[in-house]
Amino acid sequence: MMERVRQVRTIIILVLVIAGLASLDQMLARVESTEMRDSAAHAFQRGQELLARGKASDAVDELSRAHALDRDNPEYALGLVTGLTESGKAGEADALMNEILDQRPNDGQANLTAARLMVKESKAAEAEAYYHRAIYGNWPGDPAAPTRAARLELVNLLLKENARQRLLAELISLEAESGDDENLRKRVAGLFLDAGSPARAAAVYRDLSERRPHDAAVFEGLGDAQLEQGQYRAAQTAFSRAAALDPNSDARARLSLVTEVAELDPTPRGLTSMDKYSRSRKLLSLARNDLADKSQTPDADVRQLLKAADDELSRNRPGNPSNEVSEAVLGLAERIWKTRLAAYGPKMTPEEEPLRLCMEKLQPPS
Amino acid sequence: MPKKSRSGLWRWTVFATPSDQALLVLSIVIGVVVGLTVVAFILLTGRLAARMYPAESAAWRRLVVPVIGSLVSGYLLFRYFPNARGSGIPQTKFALFIRDGHISLRTVLGKFGCCSISLASGIALGREGPSVQIGAGIASVIGRRFGLSASNVKALVPVGCSAALAAAFNTPIAAVLFSLEEILGDFEAPVLGSVVLSSATSWMMLHLILGDQPLFHTPAYKLVNPVEFLVYAILGIIGGFGSVAFVKLLLGLRLWFRALPKSTLWLQPVVGGLAVGIMGWFIPEVLGVGYDYVDRILGGDFPMKTVAILAVLKIIATPVCYSSGNAGGIFGPALFVGATIGGTVGGVAHAAFPAVTANPGAYALVGMGAAFAGIVRTPMTSVIMIFEMTRDYTIIVPLMIANMISFFISQLLQPDPIYEALALQDGVHLPTAGSRAGSAGARVSEIMDRDEASLAGIRETISSHAEFPHAHPDHPVSLVLDRMRAEGVDTLPVVSRTDVYNVEGVVTLSRILASYGVPGKRAPQVPPGFSKP
């Protein structure tokens, strides 16, 4: 009997010990979890600060610590990837990134970080794929803002890569997603312009000009879009409005540019044949001088073109030259301009801007 | 009828005469209690350490805290818990083979308290060895409280060990292997089922409380080039020599400390505290268990120079801390030393041949296994443990290569495994794997001559010999026959395992032959220098 009592007492003690230990463990685990999360948060904050100050390798120490203390926090893991990327440890960043993506293949933020890593490693195609996965991935809460931000980053990448078709596709989506966000629409309009789609840019700017009639930047953008489209008169109006709204803006300079281009343009309807010939000669002269300035040691083709231009410019045509003569002069100017673009690329100085605008109106870029 | 039924149930439930099923139930209970206790131990030491010497604390704190911690734990060990000193593995083996599995509750509490103090104060020892003793102790206490027989209590000791190690290392399979390979020395032990069950239960407790996180996080391992196998072999060689240095230094220092006056026993742990404190003043990573740093070394984000310095410092710090009598184990430090050696070898290899070698982290991982195999000398456990810790199967082959090389070098240069050597220093002869292998058949205790008149002369003779051939009462007769043949004698004194000068009997060839039913004819031949009984 005594033995039984003793054994029952042992069982009761064991149950109490198990309950006590379980409670103690839970309490200690909570304390540990809280302390480690706090330490991780501090380390992460310090890491982010160091990263912002450009001290990437110091930041990596802190970000590694944050990640080690709280491995379940994807923000810390992705922060570490960013730190490693910034500090040039692309291999380690890749390995960690793959680990994260294995665990969260559809995570928007993870894919966005992977895309940034690929951009850093100059892997544009992979970056584009990750950006798309980020855009269509899972985001906590409302995905609209982070998705738009990811698409904007993708747009910047495509702009840099000069991938116009894909860029326009993204911009169209971005414009559709922009809704009533006027700032974003303004940015999209500017990007349409950069992407070589002035018509779409003008449409967005026009819409914005109705909503924000006192925004000088909108009118300036509208003027630029119209200028690119060769609508000089409309552009002059937009720039004048912008200059009136903000006298310190670039609108005045743009206005004088558009005036200069309008005076060079040989295409307006109602222009007399003499005026057209005269503007054609002016354009030829500008194109010739531009190419001659750029080519210090011209090759045979260039020399031939320059000689043809010199011959044409020295020729004295009495009376009213016919439209065919003006077209021949413009044709020569176009050939010179093509040679100049092929040899020296599309980069222009401000002085070349009126010539470029006129030539692009005559011969729109493909 | 109902009364009889209740009685049957009662008997089953309270283990008055435990059946196999009852032992399995008890194994689950032990798994739960040990798992929860070890988790508390891990969390408590971790949280206390974070308060005692935080990462950004002043240098003086890193010096003072280990000194005070070792002073306090040293006094407690000396005054109240003498059996809680050291690692816990040899003590568990003493309990298993010499004391019929008896470990007191006082020892369990002392081990928990003293180790918490010493580990939390930065003493460079591990928590797994103590966990094993705590686990074995809990199993022993529970078994005794239920009134189990001595043999059943003894059977529960490895059950407690595996439960403890499963929770301490988060490695349930390795825990089972360790209990069988090191504690029992028998992979076919009849308690296998109970050992597995307690390990799994304890591991579940760990996961319930702390979630599913491996002890170490490692980047995915990849063999870059077959040439790497050569580097892993070199790592095995260096790991083997490092292990031997670690063990020899520990044993040598321990002998030195043991030679000091007994009155200094309570003060000796301070030497370890002071040594590690001075090292920690300059290199904080040397303090404590150091698993956070192992994690970072495995991640490959530690400068190679620091890793190399840490390897040297830890090889010195842990033996000093251990041999001076601090409470704590050598499993964790063995892994730390291995990670630093591996990190250094990997760092050098990667700097020299970046195209054909992996990140140093992979070598640190293999180094951990190599050092564990070299120091603890349980190669199977070591391979499985590293695999379970990292959950990376692809590391297995390099791990086996390095482990085996390290194990053989260690075996060659340090024939006695560390726990046997520690026991020998204490005058305790633990049964070795060889002696346990031939455990079938009659025991020496069953046939030895206990006649006091015969023994008096032998006692007098052996008192003047440092070493002499002998047998222990639990030895199988077959082993004694082998020993007689090897020594060329017909008679061996039978001595106690705890004191080799305590002669309990004498065994002769004629008695052995008689036990096999063969009549003896020759006069017995005693070892040189012994008088005939």
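User: What makes the pair A:R288 and A:D310 a salt bridge?

Analyst: In this predicted model, the side chains of A:R288 and A:D310 come to 2.6 Å, N to O. The cut-off is 4 Å between a side-chain nitrogen of Lys or Arg and a carboxyl oxygen of Asp or Glu, so the pair qualifies. A:R288 belongs to helix α14 of chain A and A:D310 to helix α15 (residues 300-314) of chain A, so the bridge ties together parts that are 22 residues apart in sequence.

User: Why is A:R288 called buried, and why is A:D310 called partly exposed?

Analyst: Buried means under 20% relative accessible area, and partly exposed lies between that and 50%. A:R288 has 18% relative accessibility, so it counts as buried. A:D310, at 33%, counts as partly exposed.

User: Which parts does the salt bridge between A:E327 and A:K276 tie together?

Analyst: Those two side chains meet at 2.8 Å, N to O. A:E327 lies in helix α16 of chain A and A:K276 in helix α14 of chain A, so the linked parts are 51 residues apart in sequence. A:K276 is buried, with a relative accessible area of 15%, while A:E327 is partly exposed at 40% relative accessibility.

User: How do you know that A:E312 and A:R315 form a salt bridge?

Analyst: Their side chains meet at 3.5 Å, N to O, and the limit is 4 Å, so the label holds. A:E312 is buried at 10% relative accessibility, and A:R315 is partly exposed at 43%. Over all chains, the structure holds 35 salt bridges. A network of them links A:E175, A:D180, A:R185, A:D207 and A:R211.

User: Why are α1(A) and α2(A) called roughly antiparallel?

Analyst: Helix α1 (residues 2-52) of chain A and helix α2 (residues 56-69) of chain A pack at an angle of about 160°, with their axes 8 Å apart. Angles over 145 degrees count as roughly antiparallel, so that is the term for this pair. The residues in contact include A:M36, A:F44 and A:L51 of α1(A), and A:A59, A:L63 and A:L69 of α2(A). By type, the contact residues of the two helices divide into 11 nonpolar, 3 polar and 4 charged.

User: What makes helix α17 of chain A largely enclosed?

Analyst: In α17(A) (residues 353-362), 7 of the 10 residues are buried, so the rest of the structure largely encloses this helix. Among the buried residues are A:P354, A:L357 and A:M359. What covers the buried residues of α17(A) includes α11, α12, α13, α14 and α16 of chain A.

Definitions and conventions
Residues numbered from 1 in each chain as written. Chains lettered and ligands numbered in written order. Predicted model: local features only at pLDDT ≥ 70, side-chain atom pairs only at ≥ 80, totals over all residues. Heavy atoms only, no water. Axes fitted to C-alpha atoms, helices over the stretch in contact; angles between N-to-C directions. Helix = DSSP H or I, 4+ residues; strand = E, 2+ residues; numbered from the N terminus. Parallel < 35°, antiparallel > 145°, perpendicular 65-115°, else oblique. Contact = heavy atoms within 4.5 Å. Nonpolar A, V, L, I, M, F, W, Y, C, P; charged D, E, K, R; others polar. Buried < 20%, exposed > 50% of the residue type's maximum accessible area, 1.4 Å probe, protein only.
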